[in-house]
Amino acid sequence: MTRFHGGHRWIAHALPIRTGRVLLLHRNPGGDQGDLWDIPGGSVAPGETPAQAARREVGAETGLDVLVADELTHFVDPDSVHTVTYVCFENALDRDVTLTTPAHYEYGWMTYSEAVHIPLVWHVRRTLDHAESLGLLS
């Protein structure tokens, strides 16, 4: 269930970073936002903060255990949907990604220059641009 607060819907994402590379998930062509590359994320559940949702979604979609850090980007669309993304870092660096939902069929750890040349979900490109400008992807 999506979190609503004052008529606003919240979607939380996390940007896993490993040695200057970000984890991107390739969405299934037949699904929502099909064939685009995305980052782990999903709806904020009742009683949950966006940061908690971001951490939960990373674990649920990739099997990674992460520490969610600062808010990186926050966008609000005309329908009052808040899309917030947090920087996150792995708690255990030796874990492999395990895709656990049918929404994604492949993943990749990519540099900024690799990522900007593939089809990305709208907010992911803006988030990557911001992370690069802050020096997080160097």
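Glutamate 48 counts as buried, with a relative accessibility of 13%; here buried means under 20% relative accessible area, exposed means over 50%, and partly exposed covers what is in between (1.4 Å probe, protein chains only). This glutamate sits in the loop between S5 and helix H1 (50-62). Its side chain makes a polar contact with the side chain of arginine 56, at 2.7 Å. A polar contact is a pair of N or O atoms within 3.5 Å; within protein, one must be able to donate a hydrogen and the other to accept it, and residues adjacent in sequence count only if both atoms are side-chain atoms.

A word on what you are looking at: this is a predicted model, in which local features need pLDDT of at least 70 and side-chain atom pairs count only at pLDDT 80 or more, while totals for chains, interfaces and linings use all residues. Residues are numbered from 1 along each chain as its sequence is written, and side-chain values use heavy atoms, with hydrogens and water left out.

Now to the overall fold. The protein chain has three helices and eight strands, arranged along the sequence as β-β-β-β-β-α-β-β-β-α-α. Helices (H or I, at least four residues) and strands (E, at least two) are DSSP runs, numbered from the N terminus. The radius of gyration is 14 Å, which agrees with the value near 14 Å for a compact globule of 138 residues; it is taken over C-alpha atoms, and the globule rule is 2.2 Å times the number of residues to the power 0.38. Those C-alpha atoms fill a box of roughly 40 × 35 × 30 Å along the principal axes. Buried residues make up 44% of the 138 residues.

Most residues other than glycine have a negative phi.

Threonine 19, in the loop between S2 and S3, counts as exposed at 76% relative accessibility. Its C-alpha atom is separated by 9.3 Å from that of threonine 111, 92 residues apart along the chain.

Finally, the largest pocket holds about 340 Å³ of space. A pocket is an open set of points on a 1 Å grid over the protein atoms alone, where a 1.4 Å probe fits, with protein on both sides within 12 Å along at least five of seven lines; lining residues have an atom within 4 Å of a point. The volume is the space filled by probe spheres set on the points, which are joined across faces, edges and corners. The lining has 20 residues, of which Ile11, His13, Asp32, Gln33 and Asp38 lie nearest the centre. Strand S2 (8-18), strand S5 (41-43) and helix H3 (122-133) are the elements that give two or more residues to it.
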